Amino acid sequence: MSIEGKEEVRALLEETVNDGLYQMILSNARNKEKAFKVKIRPVMLRGKLMFQETLYQGTKVFHENYQDVEIIPRIGNYLLQDFKQCEIEHTNKKAVILVSKKGKMTVREKMPAQRMEEPACGAWNRSMVRRDGAERPLTHNRVKKYILEEGKTVPFLVDLGVQGNDGQVIRAKYDKYKQINRFLEFIEDILPALPSDREIQIVDFGCGKSYLTFAVYYYLHELLGLDVAITGLDLKEDVIERCNKLCHQYGYQKLRFIRGDIAEYEGLTAADMVVTLHACDTATDYALDKAVKWGAKVILSVPCCQHEVNKQISCQELKPILQYGIIKERMSALITDALRADILKSEGYETDLLEFIDMEHTPKNILIRAVRKEGMKAERQKEEKDKIIDVMKFLQVEPALWKLSNSTEESINR
């Protein structure tokens with residue numbers, strides 16, 4: 001593997017692996033079975049500064065503590081062998097390390113991070129390390145730090161009613177705040193798949209009030225400094241008018257909102273990322289189909305109201321189960337999303353079905369994440385499609401995405 005950029009990365013690690021570090025997150029794993037994420041943060045153990053490594057492997061979590069001279073080469077090896085991204089949050093700076101397919105390491109520095117302060121609620125214990133005269137908590141009981149930090153005023157969150165003017169999250173909107181940050185974590189994971197040498201074109205189908213659309217623009221452009229152009233599409237005229245007004249107010253020159261129907265939208269001929277959140281029933285399929293035909297590098301979709309398969313499904317073997325309406329409805333929704341993921345896979349995407357937010361907040365919590373992989377062989381593609389056809393025949397269903405993306409001779413009746 002190439003080691004271009006290795007010295008710059010090592011210099012960054014030596015600068016940030018100290019008592020000023022908040023955390024490092026290694027993600028976008030090359031082999032998710034080995035480990036899909038590693039987090040590193042400073043801790044005080046018996047009065048000595050150490051760095052705790054938390055490794056996530058499947059459903060298991062492993063903890064180990066290291067000195068600075070030990071953890072720096074470990075992080076370097078992780079980047080060389082296991083992960084394509086490292087997010088660094090430090091009192092003096094924020095930065096992200098991206099590793100290309102060929103092993104080139106690129107460092108992107110963000111806006112300087114604010115110095116961490118102990119919350120008034122006293123959620124942290126009192127063990128501290130002094131840095132430049134300031135005290136900072138370093139115990140195990142640290143509260144979660146979000147990409148959009150609580151207590152730091154973000155204009156669009158204030159205007160959309162998520163934050164107060166003091167930057168504190170409105171209690172009734174805390175679930176929305178967590179949802180926004182959770183989505184940005186998904187964006188963070190797919191950054192290496194997006195182009196780094198030109199404008200990134202993003203489309204958000206069915207953007208609604210656009211909490212997430214504004215969040216994506218703010219994160220990518222304002223925090224990471226990337227060149228992005230985002231288009232939000234929705235049918236509600238009043239929503240579009242308000243969102244465009246906010247764009248003008250914030251000076252977000254490359255974020256725009258237009259009124260239109262997903263199925264009929266022809267405003268672009270290509271996109272790097274397509275987002276579709278809670279587009280109802282087959283509107284999700286039209287959005288996914290456009291994304292595939294545009295050759296989108298990344299697709300992030302949270303489907304909603306999956307009625308189509310529920311009307312079609314007919315299977316003698318499953319008849320005793322399907323007689324219960326609520327079971328049939330939920331099974332149909334899961335089958336719909338699984339087939340969507342498989343169809344995207346057959347089109348050359350690496351697909352995952354992930355939990356978006358906790359089930360206690362909404363049952364519509366599955367996110368389809370698809371990242372385009374080049375060079376899928378025709379034989380492999382045929383194998384993938386044959387598997388889908390077998391499932392559709394067994395259940396007697398043919399979802400809209402299949403019909404949109406495949407010719408009539410590839411239907412289940414062929």
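The model is predicted, so local features are reported only at pLDDT of at least 70 and side-chain atom pairs only at pLDDT 80 or more, whereas totals for chains, interfaces and linings use all residues. Residues are numbered from 1 along each chain as its sequence is written, and side-chain values use heavy atoms, with hydrogens and water left out.

We may begin with charge pairing. Side chains of opposite charge can pair when their charged atoms come close. With a salt bridge taken as a side-chain nitrogen of Lys or Arg within 4 Å of a carboxyl oxygen of Asp or Glu, the structure holds 24 of them. Arg369 takes part in a salt bridge with Asp189, where the closest N and O atoms are 3.8 Å apart. This pair links distant parts of the chain, since Arg369 is in strand S16 (residues 366-372) and Asp189 in helix H4 (residues 174-190), 180 residues apart. Helices (H or I, at least four residues) and strands (E, at least two) are DSSP runs, numbered from the N terminus. Arg369 is buried at 10% relative accessibility, and Asp189 is buried at 18%; here buried means under 20% relative accessible area, exposed over 50%, and partly exposed in between, with a 1.4 Å probe and protein chains only.

Arg369 also forms a salt bridge with Asp352, with 3.4 Å between the closest N and O atoms. Asp352 lies in strand S15 (residues 349-355) and Arg369 in strand S16, so this pair ties together parts that are 17 residues apart in sequence. Asp352 is partly exposed, its relative accessible area being 22%. Through shared partners, salt bridges join Lys32, Asp189, Asp352 and Arg369 into one network. Another salt bridge connects Arg10 and Glu14, whose closest N and O atoms are 3.2 Å apart. Because these residues are four apart in helix H1 (residues 6-16), about one helical turn separates Arg10 from Glu14. Arg10 is partly exposed at 39% relative accessibility, as is Glu14 at 47%.

Turning to the aromatic residues, rings of Phe, Tyr and Trp (its six-membered ring) pair if their centres lie within 6.5 Å; planes under 30 degrees apart count as stacked, over 60 as edge-to-face and the rest as tilted. The whole structure contains 16 aromatic pairs. In one of these, the ring centres of Phe214 and Phe257 are 5.4 Å apart and the planes stand at 35°, so the pair is tilted. Phe214 in helix H5 and Phe257 in strand S12 (residues 255-259) are 43 residues apart, and the pair links distant parts of the chain. Phe214 and Phe257 are both buried. Ring pairs gather Phe156, Phe214, Tyr217, Tyr218, Tyr250, Tyr252 and Phe257 into a cluster.

Leu224 is buried, with 9% relative accessibility. Its C-alpha atom is separated by 8.5 Å from that of Val96, 128 residues apart along the chain.

Asn28 has a positive phi, near 55°, and is placed in strand S1 (residues 21-29). Gln396 has a positive phi of about 55° and sits in the loop between helix H11 (378-395) and helix H12 (400-405). Asn28 is partly exposed, at 22% relative accessible area, and Gln396 is partly exposed at 45%.
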